[in-house]
Each structure stands twice: as C-alpha cells, then as structure tokens.
Amino acid sequence: MAQPDSNTDPEPHEELRPAWSLPAGASADVALSVEWPGEITRDWAWGGSTGKGVRVCILDSGVDAEHPLVGHVERAVAVSLTPDGEAVIADDTEGDLCGHGTACAGIVRSMAPDSDITSVRVLGAGFTGSGDILLAGLRWAVEQGFDVVNMSLSTTKRQFAGILHELTDRAYFRRTVLVASAHNMPVESYPWRFSSVISVGSHEEQDAMTFYANPDPPVEFFARGVDVEVAWTGGARIRCTGNSFATPHMTGLCALVLGKHPDLTPFQLKSVLYLTSSNVGGGR
Amino acid sequence: MSEELKAAVAAGVVGSQGTFRSLLESVTEVARAIFGAEAASIFLLDEETDELVFEAIAGYGADTLLGHRFPSSTGIAGWVLVTRQPLVIEDVTEDPRFAKDFAETTGYIPKGLMAVPLLHEERALGVLEVLDRPQRTQFSLVEMDLLGLFANQAAIALDLLRRARHAEAVLASSGEGAEVVARLATTVENLEEEQRDAALRMLSGLEEVLRRNEGG
C-alpha cells in the first residue's frame with residue numbers, strides 16, 4: 001500500500017462547521033458518554049481490565065511475533081522510501097531488526113495481556129530518510145485509528161517539527177493516544193515535547209504499576225525504566241534501562257484504562273492517569 | 001575564496017584532524033576508565049554511504065577495528081542513532097542473533113553495553129558505546145546522566161573532526177598551491193617567537209619580490 005509523500009500537508013481536516021460554538025438549547029449534543037465518578041481510583045480506572053479490544057501500535061524496530069512474551073501480533077508492516085522519496089507501507093516479513101520493538105511489545109503484553117498489538121517498523125531502511133519514514137509510519141498509525149501508539153523515538157530535525165505537531169494534534173482529536181519517550185539529553189527533539197502526546201521518563205523503582213505525574217513538564221509521567229527484564233530477538237530475555245522502556249509501561253496502562261472505558265478522550269485519559277499516579281491518588 | 005582567506009582557513013585546518021581524533025580517543029579512554037568498562041567506542045555516521053564507522057576505540061579492538069563499517073540503521077547502534085534514544089542493556093549474550101551480529105562487526109561479544117546518540121544541534125553524528133562495565137549493582141539513572149555528559153563532549157569533538165575533514169577536502173580540491181601555503185602557515189605558526197618573526201620578515205620579503213615580478 002503506497003502512501004503519499006510525508007513532507008506534504010496531511011490530508012484535509014475533518015468537516016468544517018460554520019461556527020465552533022454551542023447554540024442555546026443544544027447542551028444535549030455535548031452529553032458525555034463517560035460517567036465520571038466523584039473520586040477516580042485505580043479500581044475505577046482499570047480494575048478487572050485486561051486491555052481487551054484495545055488496539056495498540058508499536059512504532060519501532062519491528063516485533064518478533066515468535067517470542068513467548070509477545071504472543072499474537074495482529075499485523076506487522078514496514079515503512080520504506082522509494083528512490084523518489086515516496087513512503088511505502090508493506091507487510092513486514094523481516095521481524096525485529098534490533099530487539100527494541102520486541103521489548104516494547106512484551107512490556108505492553110505484560111501490562112495489558114488481551115490488547116491487540118500491531119507492529120509498524122520504521123527502522124532498517126538506513127539512517128538517511130529515517131525522519132520521513134518516522135513521519136510516514138506515524139501518519140499511517142493515525143489513519144488506521146489505533147487507540148494507543150507507542151513511540152520510543154524522536155527526531156531532532158526542526159524541519160519535521162511542524163508536520164509532527166499537526167500529526168500529533170490530529171491524533172489527539174481522533175482519539176488516538178500517542179505515548180512518546182522523553183529525551184534526557186540537552187537537545188530539542190520531537191514529538192515528546194508536544195502537549196498533545198503523553199511523554200514519559202524513567203523512575204528507578206521496580207514496580208511496573210508505580211508511575212508518577214511530573215509537576216514540572218514537559219516530561220509528564222515517570223514510569224518503570226531501569227533494569228527492566230524484557231523480551232529480545234531470538235527468544236531471549238535481557239535486562240534494559242532507558243526511557244524507551246518506561247514508555248511501553250505507560251502505553252500498557254493506557255490500554256488497561258481504555259479497555260474498561262473505551263470512550264475516554266486523550267484529555268480524559270491523561271486526567272485519569274494523573275489522578276491515579278503514585279504521587280497523586282495512586283494508593284486508592 | 002581569496003587566496004589570503006584560503007591560506008588563513010588552511011592554517012587552522014591542516015593538522016587539526018589529528019588533534020580532534022586525539023580528543024575523541026581521549027573521550028573514549030575517560031569513558032572507559034570512569035565506568036570501569038572493558039572497552040568504549042565512538043562511531044561516526046558516514047552520510048554518503050549511510051554507514052557507521054569505528055572512529056575511536058579504547059580497550060578491546062583498538063588495534064584492529066578502527067575504520068570498520070556497518071549499515072547505519074541495524075543493530076543496537078543503529079537503533080540508538082535513528083531513535084536518538086540512549087539505551088543500556090545487560091546479559092546480551094542471551095540473544096544469539098545479537099551476539100552473532102556483534103561478533104561479526106567486532107570479533108568480541110560483550111555481556112552488556114551502554115549506547116548513546118551523539119547529537120549536535122539538529123544533527124545525529126554518531127553513537128558512543130561503552131562495553132562491559134562491571135555489573136556490581138543495579139544500573140542507576142545517575143550513570144545514564146554521566147553517559148549523556150560524555151556524549152555531549154564526544155559530539156562536539158566529532159563535529160570538529162567532520163568539519164576539519166570537509167575543510168581539508170575543499171582545500172585539496174582547490175589546488176596544490178593552497179596546500180603548500182597551508183603547510184607553510186602551520187610551520188610558521190609552530191615556531192618559537194623569535195624564529196617566527198624572522199620567518200615572517202623573510203616571507204614578507206618574498207611576497208614583495210613576487211609582486212614586483214608580477215607587476216613587471
């Protein structure tokens with residue numbers, strides 16, 4: 001399946017209305033489908049959920065579907081560029097070219113065992129053009145309407161910042177939650193800095209369900225990211241450290257919450273995560 | 001570019017590659033020592049061939065691996081370069097494919113490694129890897145920060161080396177004259193003060209004679 005060049009403006013926005021306002025007597029039009037309790041607890045948020053029915057996309061190095069910690073992979077595609085620079089999305093027959101995507105899929109599976117996992121491989125076609133490939137992969141994921149997209153990656157190229165911003169906003173309004181690794185080096189990088197995504201850094205604790213809301217953004221949450229045992233290529237399990245392993249922990253949590261409350265918007269989901277984080281109301 | 005400007009640029013460039021390479025080697029040596037690691041390496045991204053090249057190595061492989069190349073977007077180093085995310089992994093020998101890939105590029109299979117992208121402004125220039133630090137305790141985020149500091153230093157050194165190479169290539173392609181002037185300028189620059197003054201007087205005299213000939 002060929003996709004248009006990723007550097008051009010994304011497809012036209014949704015229907016344009018004459019006025020973005022609420023006329024008198026139309027309050028029933030904005031009735032919310034989620035019944036909001038007086039107090040948000042972890043039990044309300046994801047108690048009994050396995051992530052069933054939630055479609056998770058892993059934008060990474062591919063996923064080794066044979067790994068016992070990963071289980072069934074719904075679909076696997078790879079993004080590449082034609083010599084003319086056109087992005088092409090095709091079924092991925094190579095699996096994981098590094099191990100990292102498999103690690104992320106395994107973490108999501110451990111948190112939300114019944115979620116549906118799809119792999120989008122944006123690695124392996126060379127460094128040159130990797131920014132275009134990342135954009136094309138993300139655009140495809142947003143168009144496919146995944147519920148959650150795990151992005152343990154970023155770009156430092158300013159030329160991509162504008163289009164990435166548009167894409168992450170579009171995902172936000174289409175109820176696709178993007179969970180992105182924060183960068184812990186002193187450089188500007190994207191898309192984790194955008195407020196329309198959920199950005200994740202690491203804490204050093206060993207509990208996968210411990211996560212903290214950060215009162216000092218742009219990093220919004222800290223999740224388990226140090227010395228994590230993960231799935232790797234070749235059926236291996238290894239121990240890893242990095243924000244890129246904290247990110248799928250938050251992705252897994254998002255899948256759990258959406259499994260129980262599928263109608264939550266990204267804004268509501270982020271609010272639930274805030275209210276249930278370990279330094280806010282997480283003990284309840 | 002005027003001849004004068006060319007000579008001035010050349011004076012700054014000739015010989016600087018060696019200095020910047022020494023700086024890179026020094027960064028790998030210090031990284032290896034601070035982390036108590038078996039080896040540390042810096043890979044430079046060759047944008048023309050889309051490959052990663054071993055540019056500086058401390059410890060294992062220092063004699064044999066310099067200049068070795070591999071594709072830029074596969075394996076651990078490739079992932080780190082493309083995603084711009086640092087990564088620490090341990091017990092890697094449990095992954096047979098990783099071990100095989102690594103052995104093919106280095107002849108050495110580490111048990112653990114830390115890899116961090118070398119970023120300068122908007123550019124990803126390469127990757128710094130530290131192999132087999134002693135696994136005394138659980139890895140901590142303080143070590144990750146330390147690795148980031150080394151990466152900053154290495155990225156600056158790598159950027160200088162890249163620029164020096166480019167400048168030398170430009171000078172080389174602009175004719176033999178510029179190179180001779182560059183060498184002469186470097187030699188004069190390195191003289192003791194008294195000798196340098198004498199050399200500059202001689203060169204001024206030479207320049208005057210040449211200009212007269214040019215005019216006549």
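Me: Which pattern does chain B follow when it is read along the sequence?
Reply: This is a predicted model, in which local features need pLDDT of at least 70, side-chain atom pairs count only at pLDDT 80 or more, and totals for chains, interfaces and linings use all residues. Residues are numbered from 1 along each chain as its sequence is written, while chains are lettered from A and ligands numbered from 1 in the order in which they are written. Chain B has seven helices and six strands, where helices (H or I, at least four residues) and strands (E, at least two) are DSSP runs numbered from the N terminus. Read along the sequence, chain B follows α-α-β-β-β-α-β-α-β-β-α-α-α.

Me: Which strand provides the largest share of the side of chain A that touches chain B?
Reply: Contact here requires that the C-beta atoms of two residues, placed from the backbone, lie within 7 Å, and by that criterion 42 residues of chain A are in contact with 38 residues of chain B. On the chain A side, strand E11 (237-241) and helix H5 (243-260) each supply at least two residues. The largest share, five residues, comes from E11(A).

Me: Which residue of chain B stands opposite Arg239(A)?
Reply: Strands count as paired if DSSP finds at least two bridges between them, and E11(A) pairs with strand E4 (residues 87-90) of chain B in the antiparallel sense over three bridges. Within E4(B), the residue opposite Arg239(A) is Glu90(B).

Me: Which strands stand at the edges of the open sheet of eight strands?
Reply: The order of this antiparallel sheet is E10(A)-E11(A)-E4(B)-E5(B)-E6(B)-E1(B)-E2(B)-E3(B). Each edge strand has a single partner strand, so one side of each is left without a neighbour in the sheet, and the two in question are strand E10 (228-231) of chain A and strand E3 (69-71) of chain B.

Me: In the open sheet of nine strands in chain A, which strands are left without a neighbour on one side?
Reply: The nine strands follow the order E3-E2-E4-E1-E5-E6-E7-E9-E8 with mixed pairing. Because each edge strand has a single partner strand, one side of it has no neighbour in the sheet, and this applies to strand E3 (87-91) and strand E8 (212-213) of chain A.

Me: Which residue in E3(A) stands opposite Ala78(A)?
Reply: Strand E2 (residues 73-81) of chain A runs antiparallel to E3(A), and five bridges join them. The residue of E3(A) that stands opposite Ala78(A) is Ala90(A).

Me: How many residues of H3(A) are buried?
Reply: The expected span of a helix is 1.5 Å times one less than its number of residues, so the 14 residues of helix H3 (residues 130-143) of chain A should span 20 Å, in agreement with end C-alpha atoms 20 Å apart. A residue is buried if 20 or more other C-beta atoms, placed from the backbone, lie within 10 Å of its own, exposed if 12 or fewer do, and partly exposed in between. H3(A) is mostly covered, and of its 14 residues the number buried is 13.
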